[in-house]
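Work through the exercises below with the sequence and the 3D structure at hand. Each task is followed by a solution in steps.

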Amino acid sequence: MNGSKHRRDRLSRARALLLALALGAATTTAAPAQGTYDSPLPTSPARIGTVGGIVRAPNGQPLAEVEVRLERTARATGSYLDTTDVEGKYSFASVPSGSWVLTFERASLATRRVNVSVQDRAAIVDVTLTGASAGAEELEPVIVTARNAAPAPKAIGSLPDVRGTEIFAGKKTEAVQLDSLTMNTSQDVSRQLFSRIPGANITETANSGFPSNGIGFRGLNPVQSVEMNVRQDGVNIVADLYGYPETYYTPPAESLEQMDLVRGSSSLQFGPQFGGVIDYVLRDGTPDSAITIKARETGGSFGMFNSYLSAEGGRGKWTYFAYGQYRHQNGWRPNSDVSQVSAAGKLSYHANEKLTLGISYSLLRNQIHMPGGLDNVDFNEDARSSFRARNWLASPWNIVALNGAFDFSANTKLTSTLSFMASQRYLIWRNEDGGPAARDVTDPGTGEFAPREVEWEYFTNVTSETRLLHDYSAFGMSHTIATGIRLFGGELHRQEGGPGSTGSDFNLNLAGGPYETDMKFGNFNGAVFAENELRVSPRLTVTPGARVEFLHSTARGYTADTIAEPRSKNRTFVLVGAGAAFRATTTTDIYANATQAYRPIEYSFLTPFASLTRVDPNLKDPKGYNLDLGWRGSIGDVLEFDVGVFDLVYNDRIGLIFGVDSSGTPFTERTNVATSKHRGVESYLNLSLTSLLNAAPTFGTVDVWDALGYTHARYTDGEFNGNTVEFAPSVVNRAGVNYGRGRGSVGMQWSYVSNQFTDANNTVASLNADIGIVPAYNLIDLSARWQLTRTIGLDFGVNNVANQYYFTMRTTEYPGPGIIPGIGRSIYLGARAGF
């Protein structure tokens, strides 16, 4: 495990396997099997259906003012709403293929649900509603087929009020359909992936030492997404949500069906953090469908090569999905080469209409060469330079999840997930001593480089989450309550300061002597929650909720010359909140939410990092709240929008204070130092010029969109009162235009991020490049795709078209220290096949 040769051999074997499978898939597309879909590829025209019908009373008379919702099943996104007219009619156009649920509701009448499978042409679904005492009724599945000429599904929408056992009513949510984005999926360009999400502040470090980029919203720290609750298919994938919430693994964009976001109001159902939840939803198989194979080969600038292969389908009671990806790049800067293999597979067994069981496994293997940071002079003279050639990192990741879903009745559903993580992060590097000015040079006396430092971290945890949702009737209306329990146990074993070799290879063997730091941290968490969606009227819902969390943290081991006294800390949190949603028109909603949140004390905050540093024994977990108010929906086929304001209060932020004790000895103490307030506007607009101008279908489709986030974040007390919060740019704006016609589509995107500080002192410039301002930057990205045949397509694009030199991060530690530059102009070209 410690030798670089064995790691390279494993990566080479994985690469060869993926290449062989991908080439095999590509060469067989010349003779596709019978029954091939019109297009199994994400870039081809989507299969679209229409759903409509008439709602009647038991005496056969049409029923007006019945609310009809069309929602995705499982974890998929999408939600449509209509209200029957005086003739009892309802209709939904442009419905993407897949499994859906129709829900019919009206005061004093029983709620009724119908399972609908949309395929490739239109059909009618008529229903009869009875009195409330009859209860909800589950109908046989309806197969709906439709026309190919319908428009493609929109790129972004909101999550339905209720999905599975989760309630999203009254919350600010976003659901991004990956197949509807024209972007560079082969390299997971985050500013394109999150382009439609207002206010997404991104630290671009995936090509400079971190395995993944970081995301932050509303002026919260974006580094490694530490303020976010990051999940995959509903399962936490961060190292340790309660003590080390850094994100090292994220699934490749090519494997995603969609990406769901819930802002700060997510804390009741999902737990911390302030920033909300990001859930990466993998693709999945369809029941009773032939196997679909997708292969993509992409090459690009700076030695980039990406190979992706996936298979999905279903047979009998089984559905499945699996993917494998190999990626290598030499890097924009010297000493920034990366090799990576990621893969996942999931298998589901649909025992009957009530019970579904599943298992999944995800892995990441990588080897990252870290080019180090630059000081201000280095960056201005040559942003592509590197003065560190001996820094390496790897983060092998393993996640296994078991899940089950059981429908006790049409009104009561249970889901449960049990996940296991066994992962690591290890590196050898010329450490931060001396800052970016400390070059990799040999000692004239010995002729050797300075010894490097070895660090290891081992993450193990087990998480169980069980949720129960129940629909019930009261006061002539149908309501929904969701409850759940979460249990978590995790441990981090951290070893730092190990004496490393004087060489340049990826050699993790100690060169003599023990680690300077050897600590073990543990967390146990137990939490229960409940949220109740109360339908006050057919147009108004109110959703109050509460969450109670118990957290037990431990720490033991030694740091430097100090043996840390074993310590433990228990605390209990009670979080409350409430949301409301009002159906302003048949296609627009007004939503509002007020929810408390907290961020657990990280393991690093419990560890004195020097003999003269101490930890406040009364250190508290930061707490606060999020407020949201917004209006979202669509106006005809012309405009889609989500415009809102927010207010976030972050109490008891943790930092360092400096002082002198009674004996005259100076010290630093880690304690709660300040409160910050974050207020702003988030706006997303998508204008269809095709619909606005009533253009002929032969012209194609043209969409112009803009995602704007404005944030005013300031400290309101303490030493930094009045200062701007670090990592809080006042403006993050992304806008673009997309054009599609026939087999092709092209999209251009502009990104602007304003100045942001990297410390609470608001340092603009200093001799130390670790701190200072991150200047504003503008970037342009271009992506295009073309479908040659039903099974073969091409992708092409240019990222950072204007070749701007910029950076998104300064850091005091790895992957620096110093300035971490972004990537200049790069080009990619890919070919894909599916059958």
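**Exercise 1.** Is V643 buried, partly exposed or exposed?

Solution. The model is predicted: local features need pLDDT of at least 70, side-chain atom pairs count only at pLDDT 80 or more, and totals for chains, interfaces and linings use all residues. Residues are numbered from 1 along each chain as its sequence is written, and side-chain values use heavy atoms, with hydrogens and water left out.

Step 1. Buried means under 20% relative accessible area, exposed means over 50%, and partly exposed lies in between (1.4 Å probe, Shrake-Rupley method, only the protein chains shown counting as cover).
Step 2. V643 has 34% relative accessibility, so V643 counts as partly exposed.
Step 3. V643 is found in strand β37; strands (E, at least two residues) are DSSP runs, numbered from the N terminus.

**Exercise 2.** Find the nonpolar surface patch that includes V643, and say which elements give two or more residues to the patch.

Solution.
Step 1. A nonpolar patch joins side chains of Val, Leu, Ile, Met, Phe, Trp or Tyr within 5 Å, from residues with over 30% relative accessible area and no salt bridge.
Step 2. The patch is formed by F582, I590, L629, W631, V643, V645, V681, L685 and Y710, and together they have about 720 Å² of accessible area.
Step 3. Two or more residues come from each of β36 (623–635), β37 (639–660) and β38 (666–688).

**Exercise 3.** Describe the salt bridge between R679 and D647.

Solution.
Step 1. A salt bridge is a side-chain nitrogen of Lys or Arg within 4 Å of a carboxyl oxygen of Asp or Glu. For R679 and D647, the N to O distance is 2.8 Å.
Step 2. R679 is in strand β38 and D647 in strand β37, so the bridge ties together parts that are 32 residues apart in sequence.
Step 3. R679 counts as partly exposed because its relative accessibility is 47%. D647, at 13%, counts as buried.

**Exercise 4.** Which parts of the chain does the salt bridge between E227 and R599 tie together?

Solution.
Step 1. The closest N and O atoms of E227 and R599 are 3.0 Å apart.
Step 2. E227 lies in the loop between β16 (214–216) and β17 (229–232), and R599 in the loop between β34 (588–598) and β35 (613–615), so the linked parts are 372 residues apart in sequence.
Step 3. E227 and R599 are both buried.

**Exercise 5.** How many salt bridges does the structure hold?

Solution.
Step 1. The structure holds 41 salt bridges.
Step 2. K172, E174, R218, R263, D628, D642 and E682 are linked in a network of salt bridges.

Key. Patches are made of residues with over 30% relative accessible area and no salt bridge: like charges are joined within 9 Å, nonpolar side chains (Val, Leu, Ile, Met, Phe, Trp, Tyr) within 5 Å. Helices (H or I, at least four residues) and strands (E, at least two) are DSSP runs, numbered from the N terminus.
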